[in-house]
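Thanks for coming. I have one structure to go through today, so please look at the screen.

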Amino acid sequence: MPDTVKPDTLTSHRTDCERALAILDTLGDAPLADAEESLLTAHAATCAACAAEWALAAEMARAFLELPGLECPPAVTRAVLREAQREAEREAQREAERREVAGLAASGWGRRLVRYLTELLPGPGPGARPSAPAWRPLVAGALLVALTAVGLYYQTRPTPPPAFTAAEVARAQDDLERVFSYLGKIGADTGVALREEVVDHVLQPTRRAFGSPVATRASQEGD
Amino acid sequence: MMLDRFRELMEEHQGRVFTFACYYLGNREEAEDVTQEVLLRLWRHLDKVETETAGAWLARVTRNACYDHLRSQRSRRKLFTEGLNEEMSTASDPGPRPDAGLVTWDVARHLKRALAELDEPYRSIVVLREVRELKYEEISEVMEIPLNTVKTYLHRARRKLREKLREVHCHA
């Protein structure tokens, strides 16, 4: 039976193809090892598909090698350098402004304030500024630090809850009165009296916010 | 001076950035835009980029920029389906070497087209390996994937490219 292919031969052939393809996948990384080359050669002699694949892989590897490296267009280089230069100038300008502000704060205002505070401190008498004792600038500095600390404290301390105006309290009272009169009306219609603890429960947060007058009046209304 | 250092780094790497972008995107104008963007990014991060590692840093940034560029281009119209723009495939190439056969030249043209049709991450890996000639380790670093994965992807990518070339060859 000349046309029949034995299963083990087919399997072996397929395995050889896979092995050949795996070798071809590495083509371009490094020259083929002798063993790989002889395996490929032997297999290509019996398998036309793999022989063609080998030729193609070789062409491809060669084509990759011949792909030219490209020059960056001078226009791109120029545009990038122009932008970088512009950004560098802007940054330098910003930096100069920052330094100026910091310098002003450090050298001008700070020093002036210390000098002013030094002069405020009690000394030997008028006209004694140039010969003021050495401790005075120190005390002035400490005063400055203390003032800064107080300022910081007031700036960062938690804000107290807002105080209610008389008008707001009156408005709240009116609202509550309306609510309780409505509830009282429902109670009268249905014959179900509003329980005291329910009224208390509703009024607790209000009491806390506005104080007892609201609660008292509202409770009375509820009754 | 920052600007001098930048100029030096740019002179050294700009060609590689542009080459990668060109082969990756398959379009010269877009490659110019991406190159400009990448080089400006280098300028803006100059204080964080060391001279020794600038190449790897740029390779990673270029690859990411190209990838983002492609993703932002939902309508890729002619770019990949109809192939490279002619300017890139002709004007920017020095032409076939005298010793290169006609067949090789055709393969090169089809190869560029096939490359532009390749999906990610295969395309990045092939361009980094075959065009930028990076080592596996360097590709692994640029792509932030394990070394063995790089090998697997590259081998798979080569097989895909051969398939595409074979299709073209059969149609021809």
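Start with Glu144(B), which sits in the loop between α8 and α9 (147–171) of chain B. Helices here are DSSP runs of H or I with at least four residues, strands are runs of E with at least two, and both are numbered from the N terminus. Before going on: this is a predicted model, in which local features need pLDDT of at least 70, side-chain atom pairs count only at pLDDT 80 or more, and totals for chains, interfaces and linings use all residues. Residues are numbered from 1 along each chain as its sequence is written, while chains are lettered from A and ligands numbered from 1 in the order in which they are written.

Back to Glu144(B). Its phi is near 60°, a positive value in a residue other than glycine. Is Glu144(B) buried or exposed? It counts as exposed, because it has 7 C-beta neighbours inside 10 Å. The cut-offs are these: a residue is buried with 20 or more other C-beta atoms within 10 Å of its own, exposed with 12 or fewer, and partly exposed in between, the C-beta atoms being placed from the backbone.

Glu133(B), in the loop between α7 and α8 (136–143) of chain B, also is not a glycine and has a positive phi, of about 55°. Glu133(B) has 12 C-beta neighbours inside 10 Å, so it counts as exposed.

Now the interface. How many residues of chain B are in contact with chain A? The count is 36 residues of chain B, against 28 residues of chain A, where contact means C-beta atoms, placed from the backbone, within 7 Å. On the chain B side, the elements giving two or more residues are α1 (2–25), α2 (28–44), α6, α7 and α9. α1(B) gives the most, with eleven residues.

Take α2(B) by itself. At 1.5 Å a residue, its 17 residues should span 24 Å, and its end C-alpha atoms are 24 Å apart, so the two agree. The expected span is 1.5 Å times one less than the number of residues. Buried residues in α2(B) include Val34(B), Val38(B) and Trp43(B).

Last, chain A. It has eight helices and zero strands. Of its 223 residues, 12% count as buried.

Technical notes. Two residues are in contact if their C-beta atoms, placed from the backbone, lie within 7 Å.
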